[in-house]
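Visitor: I'd like to go through this model with you, starting with the charged pairs and then moving on to other topics. Could you bring it up?

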Amino acid sequence: MGNKKGGFRLSLVQKIVFCILFVQLIVMIGLSIIIVNTVTGDKKKNITDNLETVVEERCEIIKNYVKDTEKTLTAYSRAGEIRDLLKNPTDEEIFASAQKYTETFSADVENLEGLYASEWNSVNKKTNKIIDSLKKLYNNDIKDLLQKISESEETRSKVKNAEKQYVGGKLRLTKKQWDLIDDHFENIWLESFKSAYENGEYSNKIVKNKLPEVKDKVIAAIDKQLENNFNIREKLKKGDKEELQRFEETLLSRDEYQEEKSNVVALSDNK
């Protein structure tokens, strides 16, 4: 008997089929790569074209805005009041006339914050006048206001749990709380007195009318901090007494806070 040869053999038909499938696979992979590259390229081109279009539109808007602004300023500068001011920048009457024209002109132009006609020395002089007026306002009406509010009976009568919050008859807060009150107070009075500016200085009449508004907001801020402290005390009373004692020791009266603040400033200056 003859020996049969083992192993797997492909017939001619099978070899042809595998060759055809292999060629189809190569073709499909090639087509996929071409299609992906084509679609990606088209998409990238569309995005680039869209971005270029948007940039061109924005540039055109900016150019038109600049042109309109140039026309506006040209029209403004050709007014008789402005020409007179440029020739006589220190004349108060001409300045007043130009300023009035500026305000009228600004009101008629949409989206215009305002224009100001003057020369450097006049601007510097006016700025110094405003600063001096603001300093005077602060020193006369604002500087000691927070101290007075914190020590007033009105504040004591309005805050919650006053009998447990005042120590030795004085309102006491932590340094961080006083810092917060100071910052809050500064923001309040600056915002409130913006409208108090009239004719180059701050009107004392308007300031006095706004003081009650400031006072109520400050008392509300103090009351919020005191309420936080009251809740802390109530919580610590049920727990660690030593921790409660340490908390009480961090509380400062307004005078103590001011003194500590002054000492920090003095040390900083000495450095």
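Guide: Before we start on the pairs, a salt bridge here is a side-chain nitrogen of Lys or Arg within 4 Å of a carboxyl oxygen of Asp or Glu. Please keep in mind that this is a predicted model.

Visitor: OK, how many salt bridges does the structure hold?

Guide: There are 9 of them in the structure. One of these links Glu154 with Lys158, where the closest N and O atoms are 3.0 Å apart.

Visitor: And how are Glu154 and Lys158 placed in helix α6?

Guide: They sit 4 residues apart in helix α6, which spans residues 153-158, so about one helical turn separates them. Glu154 is partly exposed at 31% relative accessible area, and Lys158 is partly exposed as well, at 43%.

Visitor: What about Glu248, which residue does it form a salt bridge with?

Guide: Its partner is Arg233, and the closest N and O atoms of that pair are 2.7 Å apart. Because Glu248 belongs to helix α10 (residues 241-249) and Arg233 to helix α9 (residues 204-237), this pair ties together parts that are 15 residues apart in sequence.

Visitor: Is Arg233 buried or exposed?

Guide: Arg233 counts as buried, with a relative accessibility of 5%, which is under the 20% cut-off used for that word, whereas Glu248 is partly exposed at 26%.

Visitor: Changing topic, what is the strand order in the open sheet?

Guide: The open sheet has 3 strands in the order β1-β2-β5, and their pairing is antiparallel. β1 and β5 stand at the edges with a single partner strand each, so one side of each has no neighbour in the sheet.

Visitor: How many residues lie between β1 and β2 in the hairpin?

Guide: There are 2 residues between them, and Gly168 in the turn has a positive phi of about 65 degrees. The two strands, residues 166-167 and 170-173, are joined by 2 bridges, and Tyr166 has Leu171 as its bridge partner in β2.

Visitor: And which residues in β5 are the partners of Arg172 and Leu173?

Guide: Arg172 is paired with Ser253, while Leu173 is paired with Leu252. Helix α8, residues 175-192, lies across β2 and β5 and runs at about 100 degrees to β2.

Visitor: Last one, which residues make the nonpolar surface patch?

Guide: The patch, about 760 Å², is made by Phe22, Val23, Ile26, Val27, Leu31, Ile34, Ile35 and Val39. Ile34 lies in helix α1, residues 12-77, and is exposed with a relative accessible area of 52%.

Key:
Residues are numbered from 1 along each chain as its sequence is written. This is a predicted model: local features need pLDDT of at least 70, side-chain atom pairs count only at pLDDT 80 or more; totals for chains, interfaces and linings use all residues. Side-chain values use heavy atoms; hydrogens and water are left out. Patches are made of residues with over 30% relative accessible area and no salt bridge: like charges are joined within 9 Å, nonpolar side chains (Val, Leu, Ile, Met, Phe, Trp, Tyr) within 5 Å. Accessible areas come from the Shrake-Rupley method with a 1.4 Å probe; for residues, only the protein chains shown count as cover. Buried means under 20% relative accessible area, exposed over 50%, partly exposed in between (1.4 Å probe, protein chains only). Two strands pair if DSSP finds at least two bridges between them. Contact means heavy atoms within 4.5 Å. Axes are lines fitted to C-alpha atoms, for helices over the stretch in contact, and angles run from 0 to 180 degrees between N-to-C directions.
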